Amino acid sequence: MWRDALLVAGKDLRVEARSRVTTNQVAPYALIVLFVFGFAFDQDQYVLTHIGPGLFWVAVLLCTLLAVQRSFSLEAADGARDGLRLSGLDGGGIFLGKAAAIAAQLVALEAVLAFGIVVLFGAHLAHPLLLLTTCALATVGLAAAGTVYGVMSAGLRVRETLLPLLLLPVAAPIVLGATQAWLAAVGLVTGSGWRWLTLLGAFAAMYLTIGVLAFGTLLEEA
Amino acid sequence: MDQVIRLRSAVALVGRFPVLAGVDLDVFGTEIVLLQGANGAGKTSILRACAGLLRVVAGEACVLGVELTEDPRAVRRRVGLLGHATALYDDLTVADNVTFAVRAAGGERSSVRPALDRLGLTGRLPATRVASLSAGQRRRVSLAALVARDPELWLLDEPHAGLDAEHRDLLDGLVRDAVVRGRTVVLASHEHHRAHALAGRIVTVAGGATPPDPAPPGPLPVPGAGAVAAGAVAPGVASEVTSVA
Amino acid sequence: MTPSSRQRPGATSSRATRILGALTLAGLAVLAFLGLYVSPPDGLQGETVRLIYVHPASATMAYLGFGVCAVASIAFLWPRTRSYRWDRLAGASAEVGVAFCVVTIVSGSIWGRYSWGVWWTWDPRLTLTALLLAVFVGYLALRRTGGDPLGRAKRSAITALCCFVVVPVDHEATSWWVGLHQNDTLFRIGKSPLIHGWQLATMLLSFVVFTLLFAWMVLHRLAIESMESRLEDEGYVWAIAERRSESGPAPAGATASSASSGPLVAGPLPPVATSQRMVQEAPGSLLAPRPLPRERGEAGL
């Protein structure tokens, strides 16, 4: 399974390295989303500073949708999904590989977005360990849930519209938990940020388990 | 002689549509079998069912000793399917694509280069992105992946389509070599002259089934088998009718 | 038993559901009479307190629907109990659950407008209910995507489980979140003001009547679903015959008997067709379990 995961992740990242869709399209899109948030909240620096972490995670969620759709449109083209099935790769391995590739792209996007909210919204960064752990757990959770719902909707004609409908409500607790952890880290809400990490961790663990067990079946049936 | 493919009254559905409506097919080791029939007769579906991609929901289906009705996944690494779609990633280079296909199927990286050479994918081509290739070149890339994997059973769906005369000859040579090495080949083709010259046996497919051939070249049918159309036999009688084609 | 003794063709009712339906309608009438006429208005909330006869019961039914959906999905995925019956039950109960969830949110919103002056507040229970509604609306959308019935059923069952396992996470998240923001929420459902004797009785009756209503709706929905799949299955025999007739008139080797039996029959059907996937059900056994082929190679979730 781990060998298959490495192989698939390597393939997906190699496709990204050659096509540069994330760097040339999704990353600029993420920054534009931040700009639009700025317009929507009328350059009120106080408000923007306070809602910056929330906007950050909403932007990450939107980018997750794009990354997942991209990841599965690769397999939809030219019978690649049949190729994947025919190769006899382990379902759990394919899941971990695709989720890892999506997570790697999300980490890069988060770095860009973090830079963006610091510069544009004057957001504060504090407790780097807490923030980095939050990002790691939330990213794993988003990538795992995104990959599960991505393959579920991949074979359907309505995939572009179905994926957001399925993924956004399910990923809502991630946005909530990750935002609260960040707000707690910079002192905008009282209480410790660490307890939110248990939620993020539980979510990630659940979806990783579901994905490893069910991905093979979902790939067959999609 | 080992039996490589054994289908009995095999039924397969796409949605609610029975693309296979009772296929009987027997293929034995090291032979080249040609499936012929009109468009939509079910040739591609037979190949996909044998590759474990299309679930056989009724009847018997055994490929390379694997019961497809139980676990169609178990056979996949041992067969190679060259379909209408080439299953290549546009953004990867020729060499990357073939390497991924070979490694994903559990093969060795070292088999990639000879296969590319064999298909004439040399010079700048291995480092070229697949997106910029012509249809015939793409076809050769997926053939190279098949050659590099060298599976036990080759399922070729219109393999000649899109190839020029030189590479059609090359393909025929590859197929003959494969059989010499002990592989089995089943192909569907509309290139009658070429395919007939290549194939050792011809099976006619129509309406998602294999109707009895007027003059079967294979093992003699049981007397009266003509009255029992393909797939019509009761389970107990099935063993007596060895082959309809 | 002849089918007609229990069921008219095309009807989704049986004698049992008709009795259940009559009971439900009578119960609703009594509930309306008690709720609107007999029980007194509340001193504090006035007439709006009458929503207590709708809102808590429908919320319970929504959660019941989602719970039944999850249990039925597990039963479908479990190889020993796999049957399309569970898939249909999951779909029917989720659909009815969504309907009750909408009633819950709408009635709660109206109630909130009159008792606390706002249509919506970020109360943990409200937030959780809204999230669940969104998740199960997605689930129903996925169910309607069609395709291979077995694939659709598996996909739906896995989705229902995915939806359900995050409920505890959602619950914790929303309660911590609100706990941080506002320590004193305006209102909690269930912590209703002093309950009058008639009010208590009416509220209890509302739970009974809504449970009957839930069961009635789910049974009818199930009957519709199984009729739909029966319609599709009965097309199977015909579709196989038609598919095989595409090969045209029987070839020269075939006898006159198969050739003369018309273009629809190019030889009898594959004998195994009815033994595995597509079980012909007797008309009277719409709710009978339908065996599926076991798939040993599939990842057993």
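In chain A, helix 7 passes helix 8 in a left-handed crossing. Bear in mind throughout that this is a predicted model. Two packed helices are described by the angle between their axes and the distance between the axes. Here helix 7 of chain A, residues 159–185, and helix 8 of chain A, residues 194–221, pack at an angle of about 150 degrees, and their axes are 9 Å apart. An angle over 145 degrees counts as roughly antiparallel, so helix 7 of chain A is roughly antiparallel to helix 8 of chain A.

Which residues make the contact? On helix 7 of chain A they are A:Pro173, A:Ile174, A:Gly177, A:Ala178, A:Gln180 and A:Ala181. Helix 8 of chain A supplies A:Trp196, A:Leu197, A:Leu199, A:Leu200 and A:Phe203. By type, the residues of this contact are nine nonpolar, two polar and no charged.

Next, backbone angles. Most residues other than glycine have a negative phi. A:His127 has a positive one, near 45 degrees. A:His127 sits in the loop between helix 5 and helix 6 of chain A. Is A:His127 buried or partly exposed? A:His127 is partly exposed, because 17 other C-beta atoms lie within 10 Å and buried would take 20 or more.

B:Ser9 belongs to strand 1 of chain B, residues 3–14. B:Ser9 counts as buried, because there are 26 C-beta neighbours inside 10 Å.

Staying with chain B, five strands form an open sheet with parallel pairing, in the order 6-7-8-3-9. Strand 6 and strand 9 of chain B are the edge strands, each pairing on one side only. From one strand to the next, the twist averages 15 degrees. Within chain B, strand 7 and strand 8 run parallel and are joined by five bridges; B:Leu155 has B:Val186 of strand 8 as its bridge partner.

Two helices of chain B lie across these strands. Helix 5 of chain B lies across strand 3, strand 7 and strand 8, at about 145 degrees to strand 8.

Last, chain C. Chain C has nine helices and zero strands. Of its 301 residues, 38% are buried. Among chain C contacts between residues at least 6 apart in sequence, 76% join residues at least 24 apart.

Notes: Residues numbered from 1 in each chain as written. Chains lettered and ligands numbered in written order. Predicted model: local features only at pLDDT ≥ 70, side-chain atom pairs only at ≥ 80, totals over all residues. Helix = DSSP H or I, 4+ residues; strand = E, 2+ residues; numbered from the N terminus. Buried ≥ 20, exposed ≤ 12 C-beta atoms within 10 Å, placed from the backbone. Contact = placed C-beta atoms within 7 Å. Axes fitted to C-alpha atoms, helices over the stretch in contact; angles between N-to-C directions. Parallel < 35°, antiparallel > 145°, perpendicular 65-115°, else oblique. Left-handed = near helix turned anticlockwise from the far one by under 90°. Nonpolar A, V, L, I, M, F, W, Y, C, P; charged D, E, K, R; others polar. Pairing = 2+ DSSP bridges.
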